[in-house]
Amino acid sequence: MSAPLTSLDRPNSYIGRSVPRPNAKRLLAGRGRYISDLRLPRMLYAAFLRSPHAHAKIVSINTDEARALEGVHLVAIGADLAKICAPWTGTLDHFKGMTSAPQLPLPLDRVVWAGQAVVAVVAESRAIAEDALELIEVDYEDLLAVVDIDSARDAGGPVINPGSANNTCFRAQLDNGTVDDAFAHAAHVVEEEFSFGRHTAVTLEPRAIVADYDPAAGALTVHHATQTPYQFQDLYSRHYGIPEARVRVIATDIGGSFGMKLHVYHEDMAVVGLSILLGRPVKYVADRIESFVSDIHARDHRVRARMALDAKGEILAMDVLDLTAIGAFSTYPRTSVVEGNQVIRLMGAPYRFKNYRASLEVIFQNKVQTSQYRAVGHPIACAVTERLVDMAAAKVGLDPFAIRAQNFIADDAYPQTSPTGYRFEALSHQASLKRLHELMNYDGLRAEQADLRKRGVYRGIGIAAFVEITNPSPAFYGVGGARISSQDGAILSLTPSGEVRCLISVTEQGQGTEAIINQIVADQLGLGQEHVKVITGDTEVTPHGGATWACRGAGIGGETALQATRLLKRNILEIAALILQEQPSALDIIDGELVDAGTRNQRMPISEIARIAYFRSDTLPPGTQAQLTVSHHFAPQGYPFAFTNGIQGCSLEVDVETGFIKMLKHFIVEDCGRVINPMLVDEQLRGGIVQGLGAALFEECRYSETGQLVNGSLADYLVPMPTEMPDIVIAHVETPTADTVLGAKGVGEAGTAAASACVLNAVNDAIAPFDATINSIPITPVKVLKALKRF
Amino acid sequence: MSGFDETLLDDADETVRVRFIVNGRKVACEVAPRETLVDCLRNTLELTGTHAGCEMGACGACLVQLDGRAVHSCLMFAVQADGAAINTIEGLTESGVIADLQAEFHRRNALQCGFCTPGMLVNAHELLLQVAQPSREEIRDALSGNYCRCTGYEAIVDAIDAVAKARSEGGGAT
């Protein structure tokens, strides 16, 4: 890494500096432009009638009365949209043998989860559309519903997809080393079965879309609250047969996404089709109950795992079975098997052992689909591994810090390949562990815990190390045939006034993408931050790229911006050299001024270069063509993923009378490589941790025996609120990736990856004096009391 | 227009005239009895800074200041607000009364997607009008009905705490 990237004492050294987000002031003034705010001329509103059954045949649908209602423009059933929309199938080639049934915007003859959209109404207002829904009659014939992992796997039980032999979507096996031998010769074996409840993203702004098809131009514009506008441009083009260049997807401000808003939803596809049928803009915003029954859910895993150790506490082997139940379909286009795949591949990632075996079974059931949501698979792999490590520590008689220190891959032993097949470039588990020990005053917490126990106060201390997948290459989706880009593109211009405009394919969901791109461009060009404008989220304007998912914005988007800026700077210096009769290498740019590279003496503002190039090209030497706009793409090469690592710790108190858990303090030491904006990184960690704490303690989509979601509202589904959440103490270790100049890796999922594991270990630590254990997330008061045999 | 079937004009089409003072200006509009205040503000008056999150009073995204108090505009019909003085994020911004809160939220990045932010600010504003120097616990308690999925809340608590201290020291408000 070149030193200037971290030197904060020179002008315009924005990389590594905590600067506020330039685009946040609009949001603070209530001037955000969310899709749910958008109103277009002649816009109509869609509403959907949803299935009350988890599994049923559609016998008949009567829409006559609804069609007759004043203000209703269109009532569409499955067959209407099937005529214009090509079906989609949520499989990828690199998941060998996986199956999933074809999907359409609205079903033709069968519903497969309670809440599935069945009929669409488009009307002059949402209220009229909802009135019309009440006039529709659907005759269903109930089918047996499959609502849990066990009944889904029952031989001879109901099969969800006709034509399939069973409810299996996908199976995978990993087997490395000599697992049976390691267990046969182990001094200690720890084993546990874990369960992880379903939860969901609960973005504060629900899903929102406005599709606007112009039949005169044969062009479709979709204003879509999504992370991935290019992916949807491609999908709308291919499924509705509209040339790609005539499909524009605009993703403006978005009220949270966290992975949830990058999947194809039946309603969203339907809205596009409805706009095509009507030739008018059609808007759909999910209400909260619709969000709960139609947004993707995540997790829903049952994991049986065991770990073998020698007499000194050296980990020898892990053996894992992960059963996970998705919906009746695999989600498109990223599938619903990535989470399970990452669970079995992230197991044991921080540790040195070589013997590993895992089976993954992904199962269909009659619930809404699960798919990628913040920290895909990480919380499960982390909780299983770290709980087993704690159980092993107790069995061997080691402190949780000591067993980890003994078993971590040494910081100087990289590169390493894990027994699950991941290649790690450079991680810092040892340094992070050491730092966490100081940060949380571990010895002090243990002393306090011992004192309080004498007084009947049960505090728990938990730690959990993690590895996070960031900066994905085409190995993630591209190799499976998905048209999901792993590269990004940027177009950078020096404007006639000497400012810089950057159009870039990574997108903003509030994490600060535009801010860090701004910092990188300003830093690398040598310009005040206020003179750089970053534009994102419009396929008509910004170049095609992966956009934002899997923690790729800083590492890949940032490198794209860095390389593009260096090209623009080279071009500016070439023109400046001609004007000043110098060699380009003798010049530099500082704070918007051309300077002598050696003395830093000012020669000319870059605005003057721009003025001459744009308006007085006649004064440049003959044959000179100033190139003050550059376009540049960057695709990650080298390691398939830039893995990051870190460790979390927490202190909490369990009320053994009520089962309530009070979070006292949370700690994280994290290594995301080069930190571009420390404040934004810390806020990603805090937000991610709190999302993980929600999963650990509160959040679960609860279903009845008939497959009805029973807590689909924000009064019934508990999310973490300010009162229950602790303050979070943060420290960093920086191990930049050598695959890029910038050296940045991702950070958005690190908090969520280990927070629930940390709490699981801490709660078990707190109730250890009662010989009680808990192996199920969320850890509700009822589960605590049951473990304590008080309920 | 002949042939119009009068029976199609059912109750849902009937509107009621309501009058408010919104962000300091007199406003009159025709609303359906079933229209909530948040829908009226957002759709009829185009004040889209107020957001609908849960539509049942649990998330705080729709908070507005109504006759001086923070009120869930999703739990109130527009007709119920007839005669009220309402301030939304747009009005509170223009009048400058929360400028110090907004600046501190910005400085500390106490927002990400920004969808909860107007409601957070309305509630923080009310808290600081009632309690000059709230403790961190009191701040967290006051925000217990404001859901934020992005931040983890700590920066929001820090920002409100800092503004409370600056206001108490006098001259801190900008």
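Domain bounds here come from an automatic or database domain assignment. On that basis, the C-alpha centres of domain 1 and domain 2 of chain A lie 40 Å apart.

## Ground rules

This is a predicted model: local features need pLDDT of at least 70, side-chain atom pairs count only at pLDDT 80 or more, and totals for chains, interfaces and linings use all residues. Residues are numbered from 1 along each chain as its sequence is written, chains are lettered from A and ligands numbered from 1 in the order in which they are written, and side-chain values use heavy atoms, with hydrogens and water left out.

## Domains of chain A

Chain A is divided into three stretches of assignment: domain 1 (7-32 + 487-634), domain 2 (35-143 + 206-254 + 261-293) and domain 3 (375-423 + 430-466 + 641-788). Domains 1 and 2 of chain A touch. Their contact takes 21 residues from domain 1 and 16 residues from domain 2. Contact means heavy atoms within 4.5 Å.

## Chain B

Chain B has six helices and five strands. Helices (H or I, at least four residues) and strands (E, at least two) are DSSP runs, numbered from the N terminus. The order from the N terminus is β-β-α-β-β-β-α-α-α-α-α. Along the principal axes, the C-alpha atoms of chain B fill a box of roughly 70 × 30 × 20 Å.

Chain B is divided into domain 1 (6-91) and domain 2 (95-170). Their C-alpha centres lie 24 Å apart. Domain 1 of chain B gives 15 residues to the contact, and domain 2 of chain B gives 17 residues.

## The largest cavity

The structure holds nine cavities of 30 Å³ or more. On a 1 Å grid over the protein atoms alone, a cavity is a set of points where a 1.4 Å probe fits but cannot get out; a pocket is an open set with protein on both sides within 12 Å along at least five of seven lines; lining residues have an atom within 4 Å of a point. Grid points are joined across faces, edges and corners, and a volume is the space filled by probe spheres set on the points.

The largest cavity has about 730 Å³ of space. Its lining has 45 residues, and Gln511(A), Thr548(A), Cys551(A), Gln684(A) and Gly748(A) lie nearest its centre. Three elements of chain A give two or more residues to this lining: α15 (513-525), α16 (553-580) and α18 (678-697). The most comes from α18(A), with three residues. By class, the lining has 21 nonpolar, 18 polar and six charged residues. Ala, Val, Leu, Ile, Met, Phe, Trp, Tyr, Cys and Pro count as nonpolar, Asp, Glu, Lys and Arg as charged, and the others, Gly among them, as polar. Domain 1 and domain 3 of chain A both give residues to the lining, so the largest cavity lies between them.

## The second largest pocket

The second largest pocket has a volume of about 940 Å³. It is lined by 36 residues; closest to its centre are Ile661(A), Leu697(A), Phe698(A), Glu724(A) and Met725(A). Both chains take part: β27 (661-671) and α20 (781-787) of chain A and α5 (136-142) of chain B each supply at least two residues. The largest share, five residues, comes from β27(A). The lining divides into 20 nonpolar, four polar and twelve charged residues.

## Helix pairs in chain A

The axes of α11 (residues 378-396) and α12 (residues 400-407) of chain A come within 9 Å and cross at roughly 110°. Axes are lines fitted to C-alpha atoms, for helices over the stretch in contact, and angles run from 0 to 180 degrees between N-to-C directions. α11(A) and α12(A) are therefore roughly perpendicular to each other. Angles under 35 degrees count as roughly parallel, over 145 as roughly antiparallel, 65 to 115 as roughly perpendicular and the rest as oblique. In this contact, α11(A) uses residues including Glu386(A) and Asp390(A), and α12(A) uses Pro400(A), Ile403(A) and Arg404(A). The contact has five nonpolar, no polar and three charged residues.

α16(A) packs against α17 (residues 606-615) of chain A at about 80°, with axes 10 Å apart. Here Ile572(A), Ile575(A), Ala576(A) and Ile579(A) of α16(A) meet Ile606(A), Ile609(A) and Ile612(A) of α17(A). That contact has seven nonpolar, no polar and no charged residues.

## Backbone details

A cis peptide bond joins Tyr332(A) and Pro333(A), with omega about -5°. Pro333(A) lies in the loop between β14 (315-325) and α10 (338-346) of chain A. The bond from Tyr414(A) to Pro415(A) is also cis, with omega near 5°. Arg600(A) has a positive phi of about 65° although it is not a glycine. Arg600(A) sits in the loop between β23 (593-596) and β24 (602-605) of chain A.
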